[in-house]
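I opened my notebook for an afternoon of looking things up, and here is the model I had on screen.

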Amino acid sequence: MSRTSRLLVACLCTLLGATAMVHGQPVADTTITGSWVGTLTVPDGDFRVVFHLRRAQDGALTGTMDSPDQGATGIRLSEVVRDADTLRIGVRAIAGQFAGVMQDDRQSIDGQWAQGPARLSLTLRRTDAVPGIERPQEPDEPLPYRERMVNIQTRDGTQLAGTITLPQDGGPHPAVLLVAGAGAQDRDASVAGHRPFRIWADALTRAGFAVLRYDERGVGASGGTPTGHTTAELSVDAEAALDALAGHPGVDASRLAVIGHSEGGTIATMVTNRDDRVGALVLLATPALSGDEILSDQLDIRADANGVDERTRAMQRGTQDRIFEAIRSNPDSSRMASELRRIMIDTRGIQGEDLIQQEIQRLTAPWLRAFIRYNPAPALRSVDEPVLAVYGTKDTQLKPAKNREALREALTRSASPDVTVREMEGLNHLLQPATSGRPGEYGRIKWTVSPEVLSLVTDWLQNQSK
């Protein structure tokens, strides 16, 4: 939920596997083929990139690109051109390009990486050992529990696909539904080479719980389209997933819990308030403030990280406030679009109808409009089940202390018999042990979820399910 410094991050994490035609001229020698690794330095830290160059059947150069620190592999190259000692590599899928000159030792290529407005020095060195990132929490086969595929029938007839993990013995077992955060998410909530929900499912199932996780609409094996859905609409799908979990053999439907991460916590709260079968609620890095305030806080967080001066901050806040007001006060889409057009031209200097339309489309999307207008406090005050909430002090997707206190205040006014709110030192939005907490760091961290958080949540749920 970041720009120039994160262009590489955003593109590499979302455009894997894009296809393109490869162009290039074959050359007589093969000194250029093989794997080449280099490091890009941006405000989020250092990122290794790897180019795998090979010859196609027609002799032309082709290949793929990896960014192991961001969990991105196999990005196809759109252009590989060698002319004597110069090399040009195009990566159309992420709008990137490398241009460099091979050094006399034939083992290094000095050049520059260009992506958007960014121009970064990049030296590539030949390597036989392709770098990777250790993921020590990924479960090894054979698994000490059962894993089954599940079909979920939604209210509108769309079929969602999921995975349920069950302890080896017959049960019935207490059960947990996992609900992912914003964006089109697969069943593992995959991000930056991590699979957080796979780790959560593994830990909880080893502790005696049946756990269901699912692909959201239009993702993985699920039907439907991945865009155009509000948080409230996604909560209806989560309810369908809860029905599938409760009705599965081996599940004790009288002992159900829901865990939601980030926006998934908002969805989990909605489901809990509507379904009396839910006996416990776990909220991980969940917003407790209105959407417009969350986005305003994100603007502040980015400004702090990038050293933005107060005058620029004030201008950014003013523009953002005008945009929010246009969205809040104009239920009519055409009037909203007209007002947003004026704001973009007045304050951002955006020119060109294509750019204006793209920005209007983004700002008027159903999810964003609903998010800006939604205040989670009333739903939190309506909860009457035990709640555990966890935040990390290095979360840069929201202000953890501010949201923690807002959530605590709302739940204190609820009928919940047990409210536990924890702020964990040094953890980011994914609840990983972090240095900066910024999203660009996620893939470089070997831990997918803090073991301390896994133990805290597991122990709490076991006490609630007795």
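**Entry 1: cores.** I am working with a predicted model, so I keep that in mind throughout. I began with the largest nonpolar core and found 57 residues in it. Ile-152, Leu-177, Leu-212, Leu-340 and Leu-407 have the most contacts inside that core. Which helix gives the most to this core? I found that helix α3, residues 231-246, does, with eight residues. I then noted another core lying apart from it, with 28 residues, including Ala-201, Val-453, Leu-454 and Trp-460.

I also looked up what Ile-152 touches beyond four places in sequence. I wrote down Thr-158, Gln-159, Leu-160, Leu-212, Tyr-214, Ala-240, Ala-241 and Ala-244.

**Entry 2: Thr-231.** I placed Thr-231 in helix α3. Buried or exposed, I asked of Thr-231? Thr-231 counts as buried, because its relative accessibility is 9% and the cut-off for buried is under 20%. Leaving out neighbours within four places in sequence, I listed its contacts as Glu-263, Thr-266, Ile-267, Met-270 and Trp-367.

**Entry 3: helix α9 and its partners.** I took α6 (310-329) with α9 (366-373) to begin with, and read an angle of about 100 degrees with the axes 10 Å apart. That makes α6 roughly perpendicular to α9, because angles of 65 to 115 degrees are put in that class. Phe-324, Ile-327 and Arg-328 of α6 meet Arg-369, Ile-372 and Arg-373 of α9. I sorted the residues of this contact into three nonpolar, no polar and three charged.

Next I took α5 (291-306) with α9, where the axes come within 5 Å and cross at roughly 95 degrees. This makes α5 roughly perpendicular to α9. From α5 I noted Gly-291, Asp-292, Ile-294 and Leu-295, and from α9 Leu-368, Phe-371 and Ile-372. Here the residues divide into five nonpolar, one polar and one charged.

**Entry 4: helix α12.** I counted 14 residues in α12 (451-464) and a reach of 20 Å from first C-alpha to last, close to the 20 Å expected at 1.5 Å a residue. Which residues of α12 are buried? I have Val-453, Leu-454, Leu-456, Val-457, Thr-458, Trp-460 and Leu-461. These buried residues pack against α2 (196-206) and the strands β12 (173-179), β14 (251-261), β15 (278-284), β16 (387-392) and β17 (419-424).

Entry 5: Most residues other than glycine have a negative phi, and most peptide bonds are trans. I looked for exceptions. The bond from Glu-141 to Pro-142 is cis, with omega near -5 degrees, and Pro-142 sits in the loop between β9 (118-127) and β10 (145-153). The bond from Gly-171 to Pro-172 is also cis, with omega near 5 degrees; Pro-172 is in the loop between β11 and β12.

Ala-189 has a positive phi of about 55 degrees. I found Ala-189 in the loop between β12 and α2, buried at a relative accessible area of 10%. Leu-431 has a phi near 65 degrees and lies in the loop between β17 and α12. Leu-431 counts as buried, at 1% relative accessibility.

**Entry 6: Gln-168.** I ended in the loop between β11 (159-167) and β12, where Gln-168 is found. Beyond four places in sequence, Gln-168 touches Leu-143, Pro-144, Tyr-145 and Arg-146. How far apart in space are Gln-168 and Thr-396? I read 39 Å, C-alpha to C-alpha, for residues 228 apart in sequence.

Notes
Residues numbered from 1 in each chain as written. Predicted model: local features only at pLDDT ≥ 70, side-chain atom pairs only at ≥ 80, totals over all residues. Heavy atoms only, no water. Axes fitted to C-alpha atoms, helices over the stretch in contact; angles between N-to-C directions. Helix = DSSP H or I, 4+ residues; strand = E, 2+ residues; numbered from the N terminus. Parallel < 35°, antiparallel > 145°, perpendicular 65-115°, else oblique. Contact = heavy atoms within 4.5 Å. Nonpolar A, V, L, I, M, F, W, Y, C, P; charged D, E, K, R; others polar. Core = buried A, V, L, I, M, F, W, Y, C linked by side-chain atoms within 4.5 Å. Buried < 20%, exposed > 50% of the residue type's maximum accessible area, 1.4 Å probe, protein only. Expected span 1.5 Å × (residues − 1).
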